[in-house]
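Biologist: Let us go through this model together. I will ask, and you answer.

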Amino acid sequence: MPLQKISEFDADYLNTLEGNDIKGMGVYVQGTDEKIGTVNDAVLDDQGAFRYLIVDIGFWIFGKKILLPVGKSRIDSTANRVYVVGITREQAENLPEYQEHTTLDYDYEEQVRGGYRTPSVESSATLGATAGGTTPSPDSYTYADDADLYDVSAHEDQTFKLYQERLVANKQRRKSGEVSISKHVETETARVAVPVEKERVVIERVTSQDTGKVVSAEATDFSEGEVAHINLYEEVPDIQKEAFLREEVRVQKVVDKETVEAQETIRREELDVDTDGTRIENKTDRG
């Protein structure tokens, strides 16, 4: 029956219990305001059932820690107290001391149980199935054999807390991608048609009405050299490049919303009541 401290069994036990941390609760004698120590830790079996409270009984015995079976305790979460039942200071003195390196094996548990099986001053009732002196073997022993030490339901006026798991949804922001935006230059060959004009000289020879007629010597002007000077012009294309705004590109982020569903198996405690034919009355303070 391997035993573990509560934080070793469930690292998130505070959220699991949804109540006050049992560590640090004051330990008092049942029915009094006499404080005898403080809860240092809790010990669970491999099924998650509470078996012991590790109690520093410094108010009784300085510097000593003991294991307190849960059946000998009454937890009052409202007052943030743990009450011990049927334990005397003399019993506490005779209990084996618990230390951090203590191995919680069957032999050590038997030493602890032996201290509690001895009837106390406050309680002379039979303590456990093994009080008669017959000690079961490690292979056959179960905690049910010492119901008075471990079974909190064996006592009257008990308050049970039924726990339930629930899903808590949170969100984490993480980087899902990256977009890099840059510009590059593409080239292409553009063609443009430009109409141009060129001047040329056209020499036209025509037949005059006076062709063949005799002219006087005075009208005749035989000479050499330039008769006329004509400038010829032509247009040539003047192609230049100019830049202009083609379009604007706006870059922005938008948030798309969606609902992601997840499912997990959660647990809930329910109370099993075996009445054995006895009539009981169920009451509730919930509206």
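Modeller: A salt bridge is a side-chain nitrogen of Lys or Arg within 4 Å of a carboxyl oxygen of Asp or Glu. Keep in mind that this model is predicted.

Biologist: How far apart are the closest N and O atoms of Arg51 and Asp45?

Modeller: Both residues are buried. Arg51 and Asp45 form a salt bridge. Their closest N and O atoms are apart by 3.0 Å.

Biologist: How many residues apart in sequence are the parts tied together by Lys23 and Asp41?

Modeller: The two side chains meet in a salt bridge, at 3.7 Å from N to O. Lys23 lies in the loop between α2 and β2, and Asp41 in strand β3, so the pair ties together parts whose separation in residues is 18.

Biologist: Is Asp41 buried or exposed?

Modeller: The cut-off for buried is under 20% relative accessible area. Asp41 has 6% relative accessibility, so it counts as buried.

Biologist: Which residues join Lys5 in one salt-bridge network?

Modeller: Start with another pair: Asp148 forms a salt bridge with Lys72, at 3.1 Å between the closest N and O atoms. Elsewhere, salt bridges that share partners link Lys5 into one network with Lys65 and Glu100.

Biologist: Which side chain does the side chain of Lys5 meet in a polar contact of 2.7 Å?

Modeller: Lys5 sits in strand β1. It is buried, at 16% relative accessible area. The residues it touches include Asp41, Ile54 and Tyr98. The polar contact, at 2.7 Å, is with the side chain of Glu100.

Conventions:
Residues numbered from 1 in each chain as written. Predicted model: local features only at pLDDT ≥ 70, side-chain atom pairs only at ≥ 80, totals over all residues. Heavy atoms only, no water. Helix = DSSP H or I, 4+ residues; strand = E, 2+ residues; numbered from the N terminus. Buried < 20%, exposed > 50% of the residue type's maximum accessible area, 1.4 Å probe, protein only. Polar contact = N/O pair within 3.5 Å; in protein donor to acceptor, adjacent residues only side chain to side chain. Contact = heavy atoms within 4.5 Å. Lists of a residue's contacts leave out its neighbours within four places in sequence.
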